[in-house]
Amino acid sequence: MQVPEDLRYTEEHEWVRAVDDGRLRIGITDYAQDALGDIVYVDLPQTGARVEKGAVIAEVESTKSVGEVYAPVGGTVTAVNAELEARPELVNTSPYGDGWMVELEPEPGFELGSLLDAAGYRRLTES
Amino acid sequence: MTRRSPLCDLHAELGARFVEFGGWEMPVQYTSVIAEHRAVRTGSGWFDVSHLGRFSLRGAGATETLRRLFCNDIDRIGPGRSQYTMMLNESGGVVDDLIVWRWGIDDYWVLPNAANHERVMARVAAAAPEAEVVDLRPTTVAIAVQGPDAPRHLAALLDEAPRRFRTVITGFRGVEVRAAGTGYTGEPGGEVILPVDVAEDFARALCERGVVPAGLGARDTLRLEAGLALWGQELDEDTTPLEAHLEFAVSFDHEFVGREALEGERRRGLRKELVGFATEGRKIPRRGYRLRAGESRGEVTSGNFSPMLERGIGLGYLAPPPGDGDLEVEIRGEWVQVERIDPPFYRRSGPS
């Protein structure tokens, strides 16, 4: 189970990466994609949508079940990974890379350090 | 208590993940449900189906018992053939749907669903006191080999491969095994029942030939794509074969338990009806989601992604039967129109 050191994590099995200009790229973890099984559809939000912290920003359908992706922080959706429409399986094959889902412009005052680090997330999945 | 297949160590070695089904812990997938599904549609796959019920019934009264307890007429087929049939209750509800392999005049193997094995076996035994009933589950393993290439692999490994819907007593490396040209995927192939001590050799030989091990996840998407009902989902004691569009397995030319109820239902019309449908995109209808069409209401009984159609597909009941109007399913709070499709959703091309 991969848990890259340079990312932050939530208890809902999302990862968060700081990209340019303070924006955040969000996806689901290796653990989450593995638990869901074959992912066949990802329902993504509209670019420009405002989201509250904890709101559902994406739905992930697999052959086993449907999972929800929650906003780790409130903000505005600045980009979505349109590639997933045709190739949702990228979430399985590259959860931290080509399988990313959403980019957010977080509300002011958000501290990335408030999320779990890799060691903290690893403990969560092992408990 | 959860039971395990004699092949569970082999499954673990092949990387299986397990799921509990019908009281058995069985492989749900080895690599990926979709990869295993596509292997069966385009090449071949093998499934450990040792959870399936199976018992032999032999001796005086066997045929009369099966004719009375099951709604299809076993005398429609002769020895060397198999038949899909159902056990009904007095109200016409489906106690179990099952396959019967016929070996002789009063000589059968009966294959109920995993969860119904004991109950069907007990009812048959009670109704046929002079016949011998033997539970085959403790001594055998059941393996389904399915896919367009499956007949070729079965022919290579068995002394004689079963033809479609036929049954055969044959051999694997000198040991007697029995097989039928049946399955649950809509593909050619067969189901083989072997003594426990040769089953692992057979499974390994399949793997060596490139037949892909496939789990219950793919088995479920395959059967759904083929439009085949699953007991406990599309079928239960409150659902009749007529409501489930299984008339082909009901023979009104003989007396059987539940016949009067079905005749009454035919006179009065159906209370509910099974419908099949596909979503426009990849949104997946799930079991329990609500259905509506005009004044008719109902629920999804099975739904998943169809790897061949690359759409969501589902089965469900509507009451009263809906006619031809638009069909909608509620997917997490949103009613979406779906395309009504009479199953099967996928039919393989070419000869089977």
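**Reading a two-chain predicted model**

A: The area buried between chain B and chain A is about 1200 Å², with carbon and sulfur atoms giving 42% of it. In chain B, R282(B), R286(B) and R332(B) lose the most area to chain A, together 45% of what that side buries. This is a predicted model, in which local features need pLDDT of at least 70, side-chain atom pairs count only at pLDDT 80 or more, and totals for chains, interfaces and linings use all residues. Residues are numbered from 1 along each chain as its sequence is written, chains are lettered from A and ligands numbered from 1 in the order in which they are written, and side-chain values use heavy atoms, leaving out hydrogens and water.

Q: What is buried area?

A: The size of an interface is often given as the accessible area lost when the parts come together. Here buried area is taken with a 1.4 Å probe and summed over both parts.

Q: How many residues of chain B are in contact with chain A?

A: Contact means heavy atoms within 4.5 Å. By that rule, 13 residues of chain B are in contact with 15 residues of chain A.

Q: How many salt bridges are there between chain B and chain A?

A: A salt bridge is a side-chain nitrogen of Lys or Arg within 4 Å of a carboxyl oxygen of Asp or Glu. The count between the two chains is five. One of the pairs is K283(B) with D43(A), whose closest N and O atoms are 3.6 Å apart.

Q: Which residues have the most contacts inside the largest nonpolar core?

A: A nonpolar core is a set of buried Ala, Val, Leu, Ile, Met, Phe, Trp, Tyr and Cys residues joined through side-chain atoms within 4.5 Å. Buried means under 20% relative accessible area, exposed over 50%, and partly exposed in between (1.4 Å probe, protein chains only). The largest core has 25 residues, and W46(B), I143(B), V145(B) and F202(B) have the most contacts inside it. A second, separate core of 23 residues includes I26(A) and L115(A).

Q: Where is a cis peptide bond found?

A: Most residues other than glycine have a negative phi, and most peptide bonds are trans. A cis bond joins A319(B) and P320(B), with omega about -10°. Another joins P343(B) and P344(B), with omega about 5°.

Q: Which residue has a positive phi of about 55°?

A: That is E310(B), which is not a glycine. At 41% relative accessibility, E310(B) counts as partly exposed. H13(A), also not a glycine, has a positive phi of about 70°.

How values were computed. Buried area is the accessible area (1.4 Å probe) that two parts lose on being put together, summed over both.
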